[in-house]
Structures are given as structure tokens and as C-alpha cells.
Amino acid sequence: MTTDGAPAAAPVARLADEFSKLPGIGPKTAQRLTYYLVRMPEEEARALAEAIVAVKERIVLCGVCYNITESDPCVVCANPRRDRNRICVVEEALDVLALERTNTYRGMYHVLHGVISPMNGIGPDDLRIRPLLDRLHGSDIEEVILATNPNLEGEATSMYIQQLIAPLGIRITRPARGLPVGGDLEYADEATLARAIEGRQEF
Ligand SMILES: [Zn+2]
């Protein structure tokens, strides 16, 4: 027991508990990470803690495309050389990074921050679908590329958005097949992703 009456292991248990809240981290991994940190040099642990705080203090969502960014609007939205007539709709900010790495696509983005997933209680209103429609209404946008992941929920989400956009008369496309079915966009290799975006097809 420490002087305040808390067991000495409380900080360890607390850290393990925090780790176990992260996606893909079970109780065993949470413990392993915690004991790794206990043995880590103090300056390294401090650097990690500061990096976590910096992400929360400095990262915001772009007010135009909802990409994660340090400045609002984000670098893509603020770049005058991007093609403003095209919007590529993706599930997560990581998908923007993956597409940017291909150096193929020069248009704008719109990040949904998830997919429609009734099983997980996520409906259209939980995603950034309404702001997408607001961007499209009365705009000069010529094409919307629905680049959700090629799995059941991704397809259903694209279908839902397609039905909302269709009355606006804007061209709607999808990345070409060739992306691994059931896989995530962010894990596709650059060449595959570049081919899929370049060879996009009418929805
Ligand atoms: Zn943006």
C-alpha cells in the first residue's frame, strides 16, 4: 500500500485498462504493453505520452472534407492546384493517405468516418453524409467517386449515398474491380490502388 491507501500496482492496472480500450488490444496484449512501458527509459515513455497529447491538442477535422489535419482547411482543400470538380468519398482518413501515396488522384476528398452498420448501431446520421450532400448542392462538382471498402458494409454505404446523389445529375463512379474483395482500401498496395482509381467505372 502507498501512503494514500491505494495499492502500489494501481498505476499499472490503470494503464493496462487504458490499453485494453484500444482496437485490437486484448487483456493479454494490454498487460504486455504495460510491462514493456514499465521497463522503458523514462524519456522514451515521456515522448510517447507527449505524442498522444499532441495528437489530441493539434489534430482537428477539416471543416470542408472532414479529413484529419493540423490546419483547417486541410492541405488538400487548401491546395489551389487540386481539381475541385471531383470528390472522392472514403470511409476513413487513412484512406486519404493511401490514395495520396499513389500520386494518381488530383481531386478533392470527403471522409465519412465510418460505414453504415446496423449491427453496430451506426446509421447514416452518424456519418458525414449530410455535409457531403451540402457540398454537392448547387456546386460545379462533376464527379463523385464512391471509394468505400469493397465489402458488404462499404458496398451498402455507397449504394445508400448513390441513391441520394443520383437526383443531382452528378456523374457517380466507383474504383475499378481489382481491389481485393473484402479487403480495406488502406491495405491495398499503391499500384493496385492507382489502377483502381484510374480505371474507375460508372456506378
Ligand atoms: Zn479538407
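Does Asn-103 count as buried or exposed, and at what relative accessibility? Asn-103 counts as exposed, at 68% relative accessibility; exposed means over 50% relative accessible area, buried under 20%, and partly exposed in between (1.4 Å probe, protein chains only). More on that residue below.

This is a predicted model, so local features need pLDDT of at least 70 and side-chain atom pairs count only at pLDDT 80 or more, while totals for chains, interfaces and linings use all residues. Residues are numbered from 1 along each chain as its sequence is written, and side-chain values use heavy atoms, with hydrogens and water left out.

**View 1. Confidence across the protein.** The average pLDDT (the predictor's confidence in each residue, from 0 to 100) is 91, and 93% of the residues score at least 70. Among the elements, strand E4 (residues 107-111) has the highest mean pLDDT, 98, and helix H8 (residues 190-198) the lowest, 86. Element names follow DSSP runs numbered from the N terminus: helices are H or I with at least four residues, strands are E with at least two.

**View 2. Four cysteines hold the zinc ion.** The protein donors are the SG atoms of Cys-62, Cys-65, Cys-74 and Cys-77, lying 2.3 Å from the zinc ion. Donors here are N, O and S atoms within 2.8 Å of the metal (3.2 Å for Na, K and Ca); water is not among the atoms, so sites may look incomplete. The angles subtended by the four donor atoms run from 104 to 116°, which makes the arrangement tetrahedral; for four donors, that label needs all angles between 85 and 135 degrees. In sequence, the spacing of the donor residues reads C-x2-C-x8-C-x2-C. Cys-62 sits in the loop between strand E1 (60-61) and strand E2 (68-69), and Cys-74 in the loop between E2 and helix H4 (75-78), so this pair ties together parts that are 12 residues apart in sequence. Cys-62 and Cys-74 are both buried.

View 3. Most residues other than glycine have a negative phi, and most peptide bonds are trans. Tyr-66, in the loop between E1 and E2, is not a glycine, yet its phi is positive, about 70°. At 16% relative accessibility, Tyr-66 counts as buried. Asn-103 also has a positive phi without being a glycine, about 55° this time, and belongs to the loop between helix H5 (93-101) and E4. For the peptide bond, look at Asp-72 and Pro-73: they are joined by a cis bond with omega about 0°. Pro-73 is in the loop between E2 and H4.

**View 4. Helices H1 and H2 cross.** The axes of helix H1 (residues 10-19) and helix H2 (residues 27-39) come within 8 Å and cross at roughly 130°. Axes are lines fitted to C-alpha atoms, for helices over the stretch in contact, with angles from 0 to 180 degrees between N-to-C directions. H1 and H2 are therefore oblique to each other. Oblique is what remains after roughly parallel (under 35 degrees), roughly antiparallel (over 145) and roughly perpendicular (65 to 115). Gly-26 lies in the loop between H1 and H2 and, at 28% relative accessibility, counts as partly exposed. Gly-26 and Val-76 are 36 Å apart in space, C-alpha to C-alpha, and 50 residues apart in sequence.

**View 5. Asp-125 in its loop.** Asp-125 is in the loop between E4 and helix H6 (129-136). This residue is exposed, with a relative accessible area of 79%.

Definitions and conventions:
Tetrahedral: all angles 85-135°; square planar, octahedral: opposite > 155°, others 65-115°.
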